[in-house]
There are 2 protein chains.
Amino acid sequence: MKVDSSIKQKYSHETEELADFKVGVDNVIFSVDTTYNRVLVLLRKRAEEPFNNYWSLPGTLVRQGESLTDAAYRTLAEKIQVDNLYLEQLYSFGEPGRDPRENPDSFGIRYLSVSYFALVRYEEAKIIAKSDKSTSWYKVDEIPNLAFDHDEILNYGWNRLKNKLQYSPIAFDVLPTEFTLNEVYQLYCTILGEHFSDYSNFRSRLLKLGFLLDTKVKVSRGAGRPASLYKFDSEAFAPLKDKPLLFI
Amino acid sequence: MKVDSSIKQKYSHETEELADFKVGVDNVIFSVDTTYNRVLVLLRKRAEEPFNNYWSLPGTLVRQGESLTDAAYRTLAEKIQVDNLYLEQLYSFGEPGRDPRENPDSFGIRYLSVSYFALVRYEEAKIIAKSDKSTSWYKVDEIPNLAFDHDEILNYGWNRLKNKLQYSPIAFDVLPTEFTLNEVYQLYCTILGEHFSDYSNFRSRLLKLGFLLDTKVKVSRGAGRPASLYKFDSEAFAPLKDKPLLFI
DNA sequence: GCAAAAGTGTTAGCTGTACACCCATGA
DNA sequence: TCATGGGTGTACAGCTAACACTTTTGC
């Protein structure tokens, strides 16, 4: 990047008064519905201003004594009950004016959003019911206009999901403890699209990495030859951590 | 990841009072000294409590009306004068208690740090001199104990630099407009270590990507055959953006 | 037996690696 | 002319993509 010679002038600010912030955490929570082969995002409908009645990412403001990660888990736990998940920090959005509650003239409180990305197991995730259906899964390709800059955050999370899947074993955090190779393949297909790899090649590459244990137990899903159940072997994976491996 | 069945209980907080934040921006600013083949990080010596006399990452608190990115550029511009750089957001650190100025009992102001990662051209970067030598380049493998959690932030940035270099053309942001292929190679060697690739293979892979233009102009660096000067062709690179390409 | 699903094998072409080798210049 | 650094070529191993094939089940 080439910047003006005088970035000092350009980026100096007239006022030296510090901004006061509230910090929010917004979660992009994905799950994969393997029955219908679709990727879902958890949204909640706002019941207050600003953006009343808009759908938004589940979020919360950080409380006294609470860490960012804790706030992310709390938001998650308020919306769904789930035991197996992957969660990581995504990005922080802090432009002045991104929240209409900020008064543009008076330099009041600013709202910074630290976004988190989560992948949860769809089958076990129970939406904590409210009478009003204000929390619901949306297909990732049928997202309505969201409140605030949540479209941008969601898009950021969606890219992270697709990338992360290719070099990190997050899929095994949301698959059952024992799974068939075809279930892994379906998960990858659903997220990355049909055309990322042929099943037999995917299979041999994955097995060659050596961190999947064949339990030798067979399961039959309807007609056809029964499939072996595999387990993720975290000890065998450990040495591969931090290495630039590719799963697909 | 497997979490306790009751994450709701675990992560619920007694108080529902919101935390008040000041938001800081801390920059991990790298440069590569190609003369001595070493990676440098810009540090400044603190002249105030807390951590008086400790070295720290250059940082600042975000001002009213100022965006996070602007604050990052402002910090940079206060320390060094440089025209060519690459800058991106790194990670946000917001644990309660990460800044000793927070009063652990009274739940006062919290300090959140949004960290940024920058790569600048060493040869053109002039440290904006103060009488006291309070700003200085440090070799990345000889970093003293830093203030706050800046060791962790620096480590995070160092990993980002090594990864980013492999799939993104940030090197060309800090090389001269015209450069020899050997200069590119030296840069990669310095950051990734001697053993990442043999020169001739690096060379052919890089050229095959097709975004380097041979200007046909030759330069002689001492003895030996003169090298061709190349230019980065951003138009030719455009279609490769967002593709999972590897430079090494 | 036949369809369906799981799993194995084969091939052709490509890519990475490790070199050997040629080229152009300064001293 | 020789050392030095720039640049090209090659041969082999290993990988990928595409697809044919075998195995084991339910019906």
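Helices here are DSSP runs of H or I spanning at least four residues, numbered from the N terminus. In this predicted model, one such run in chain B is helix H2, which covers residues 68-79 and includes Lys79(B). Setting aside residues up to four places away in sequence, the contacts of Lys79(B) include Leu42(B), Pro58(B), Ile127(B) and Ile128(B), along with Arg44(B), Lys126(B) and Thr135(B).

The largest nonpolar core holds 48 residues, and Leu112(A) and Leu112(B) touch the most other members. Beyond its neighbours within four places in sequence, Leu112(A) meets residues of chain A, among them Phe21(A), Val23(A), Phe93(A) and Arg98(A). From chain B, Leu112(A) is in contact with Val23(B), Leu68(B), Leu112(B) and Val114(B).

Chain A itself is assigned two domains, domain 1 (19-166) and domain 2 (168-240). Their contact draws on 17 residues of domain 1 and 14 residues of domain 2, while the C-alpha centres of the two lie 29 Å apart. About 1500 Å² is buried between these domains of chain A, with carbon and sulfur atoms giving 71% of that area. On the domain 1 side, Asn37(A), Arg121(A) and Leu165(A) lose the most area to domain 2, together 40% of what that side buries. Across this interface in chain A, the rule finds 0 salt bridges.

Technical notes
Residues are numbered from 1 along each chain as its sequence is written. Chains are lettered from A and ligands numbered from 1 in the order in which they are written. This is a predicted model: local features need pLDDT of at least 70, side-chain atom pairs count only at pLDDT 80 or more; totals for chains, interfaces and linings use all residues. Side-chain values use heavy atoms; hydrogens and water are left out. Helices (H or I, at least four residues) and strands (E, at least two) are DSSP runs, numbered from the N terminus. Contact means heavy atoms within 4.5 Å. A nonpolar core is a set of buried Ala, Val, Leu, Ile, Met, Phe, Trp, Tyr and Cys residues joined through side-chain atoms within 4.5 Å. Buried means under 20% relative accessible area, exposed over 50%, partly exposed in between (1.4 Å probe, protein chains only). Domain bounds come from an automatic or database domain assignment. Buried area is the accessible area (1.4 Å probe) that two parts lose on being put together, summed over both. A salt bridge is a side-chain nitrogen of Lys or Arg within 4 Å of a carboxyl oxygen of Asp or Glu.
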